[in-house]
Amino acid sequence: MRTLRTPFLAVPAGGTRRGGYYPVSCFCFGLKVRDLLLEQPGFPNPRLRLSSCPDTGPVVEWGERPPMLWGDRSVTALGRFYGYSEAAIADFVQRHHTTPSSAISVPCSPTAL
């Protein structure tokens with residue numbers, strides 16, 4: 001897909017990947033992206049919504065709703081939701097591990113895994 005001359009990859013749900021998302025700069029682009037995905041296999045229930053990150057624009061999601069982030073276990077659940085391997089998830093959690101006394105440092109973007 002290409003918006004504002006920038007190509008992006010929209011990965012279909014399937015196999016271990018239960019859903020996906022595509023960031024857009026405004027709702028008008030989001031409606032176009034959603035409409036394009038309606039016609040494609042692997043993109044069930046495409047929908048437009050506000051991002052859960054305050055500094056991010058709207059997103060087009062498809063498939064199941066992703067799990068909410070809340071600590072390392074949620075990062076693992078989110079990685080599994082997007083179809084990442086157990087090795088990739090473990091590597092990410094190890095690199096971004098925080099101690100109980102420190103703030104949780106988890107990137108807002110699901111694709112940061």
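1. Strands 4 and 5 run antiparallel and are joined by three bridges; strands pair if DSSP finds at least two bridges between them. Helices (H or I, at least four residues) and strands (E, at least two) are DSSP runs, numbered from the N terminus. Valine 59 in strand 5 is the bridge partner of arginine 49.

2. This is a predicted model, in which local features need pLDDT of at least 70, side-chain atom pairs count only at pLDDT 80 or more, and totals for chains, interfaces and linings use all residues. Residues are numbered from 1 along each chain as its sequence is written, and side-chain values use heavy atoms, with hydrogens and water left out.

3. Strand 3 (residues 19–23) is also antiparallel to strand 5, with five bridges. Here proline 23 stands opposite valine 59. Five of the five residues of strand 5 are buried (under 20% relative accessible area; exposed is over 50%, partly exposed in between; 1.4 Å probe, protein chains only).

4. The whole structure holds three aromatic pairs. Rings of Phe, Tyr and Trp (its six-membered ring) pair if their centres lie within 6.5 Å; planes under 30 degrees apart count as stacked, over 60 as edge-to-face and the rest as tilted.

5. Phenylalanine 43 and tryptophan 62 form an edge-to-face pair, because their ring planes are at 70°, with centres 5.0 Å apart. Phenylalanine 43 lies in the loop between helix 1 (27–38) and strand 4 (47–49), and tryptophan 62 in strand 5 (residues 59–63), 19 residues apart. Relative accessible area is 10% for phenylalanine 43 and 0% for tryptophan 62.

6. Phenylalanine 81 and tyrosine 82 are both buried. Ring pairs link Tyr21, Phe81 and Tyr82 into a cluster.
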